Amino acid sequence: MSRVEAHAGARLGGVLPPYPRARPRRLRLLKPLRDLVSETILDPGHFMLPIFVSERHSKPEPLGSIPGNYYPPESGDLVDLVSKALDFGVKSFLLFGYPSRKDERASRAYASDGPVQKALRHLRRELGYEPVLATDVCICNYHSEGHCGLPGNCRFGRCVANDETLEVYARIAVSHAEAGADIVAPSGMMDGQVAAIREALDREGYWDVAIMAYSAKYASSFYGPFRGILDSAPRWGDRRSYQMDPRNAWEAVKEVALDIGEGADIVMVKPALAYLDVIRLVKESFPWIPLAAYNVSGEAALVELAAREGLAEKAALLLEVLTAIRRAGADIIITYHALEAAQLLKEGRIPF
Ligand code: PBG
């Protein structure tokens, strides 16, 4: 029986002959042997680094709970960060904006002089098309009420409006495309957001700007640090009327199928570490579409805290987490640890 047949047999629950001389340890005894048979390779080219560009900071300041800084959008420090990442082999970036003020129209989200728009123009001016620049398209950090959609009314009372929000997303995406984004990434979990953005981009002539859809984004407590960083927690209610229920995995297949149908170029599962089964399910259901997994702020904080408390060796823990996300089936890993991990890989400090 070939290995492939044995694998298929095992998956189908078939009975395999006993292997009295099997010694799996034979291939684990030495590192070169382990490397030879390793199934998963971590490469910094698959990491995407989130960056927070802030109108409220005039110099880089640490984010606190997770690695990274707030960066002024037009600073040399921002260019230095991206250049350094490029040197380490990290080539893609996901920009989030922290505006000077939030209002009822989320106006800093689509202003041509908004933080993300400024940062995009600045990075393009300084570094051309070497970095891949993706942008988060959402209003939670720009709107005074902190929801991912505009406030509205449902039959039972106050709720987050859907279709009115789509118009704002389209406007934000076009403003990012105008400023030089390669990829726009809608994260608000409104129905129809990918179609609305695709249509607007095409109408404005940006057929060449890709959409990375936050397709299966769960209502997760692992977003806590991020919401602190961008002051984007909802001022009333919660996000459970639009983000996914952590109890569901098959529903992720539905969300991804809909987003592919609406024109998504890349789909996403978020968070990553607590949703490895969902990553695997989506990869097996749609193996041909690039899949991103977002190792979110609370997950990064767990690694930071465990290391700080001396509960684990940081490098080993970090690379194990990222390897697990790749092994589950993610093509792209969005991670606050992109630089640190890339450095470890470059130095050959691989703990396996
Ligand atoms: C919402 C958004 C969130 C994150 C990125 N965009 C989560 C949320 O507040 O619901 C979380 C990222 C993280 O925790 O690292 N637009």
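**Close-up views of a predicted model**

The torsion about the S-S bond of Cys154 and Cys159 is about 65 degrees, so the disulfide is right-handed. The views are taken from a predicted model, in which local features need pLDDT of at least 70 and side-chain atom pairs count only at pLDDT 80 or more, while totals for chains, interfaces and linings use all residues. Residues are numbered from 1 along each chain as its sequence is written, and side-chain values use heavy atoms, with hydrogens and water left out.

**View A. The disulfide between Cys154 and Cys159.** The S to S distance of this pair is 1.8 Å; a disulfide is a pair of cysteine sulfur atoms within 2.5 Å. One disulfide is found in a search of the whole structure. Cys154 is partly exposed at 31% relative accessible area, whereas Cys159 is buried at 9% (buried is under 20%, exposed over 50%, partly exposed in between; 1.4 Å probe, protein chains only).

**View B. Cys140 and Cys148, with Cys138 as the closest cysteine by sulfur position.** From the sulfur of Cys140 to that of Cys138 is 3.9 Å, too far for a bond. For Cys148, the closest cysteine sulfur is in Cys138 at 3.6 Å, again too far for a bond. Cys140 is buried, with a relative accessible area of 6%, and Cys148 is buried at 1%.

View C. Gln117 is buried, with a relative accessible area of 0%. Beyond its neighbours within four places in sequence, Gln117 is in contact (heavy atoms within 4.5 Å) with Arg108, Ala109, Tyr110, Ala111, Ser112, Ser175, His176 and Ala179. Pro225 is 108 residues from Gln117 in sequence, and their C-alpha atoms are 24 Å apart.

**View D. A nonpolar surface patch made by Leu27, Leu36 and Val37.** The patch has an area of about 290 Å². Patch residues have over 30% relative accessible area and no salt bridge; nonpolar side chains (Val, Leu, Ile, Met, Phe, Trp, Tyr) are joined within 5 Å, and like charges within 9 Å. A salt bridge is a side-chain nitrogen of Lys or Arg within 4 Å of a carboxyl oxygen of Asp or Glu, and areas come from the Shrake-Rupley method with a 1.4 Å probe, where for residues only the protein chains shown count as cover. Leu27 lies in the loop between helix H1 (3–11) and helix H2 (31–36) and is partly exposed at 43% relative accessibility.

Notes: Helix = DSSP H or I, 4+ residues; strand = E, 2+ residues; numbered from the N terminus.
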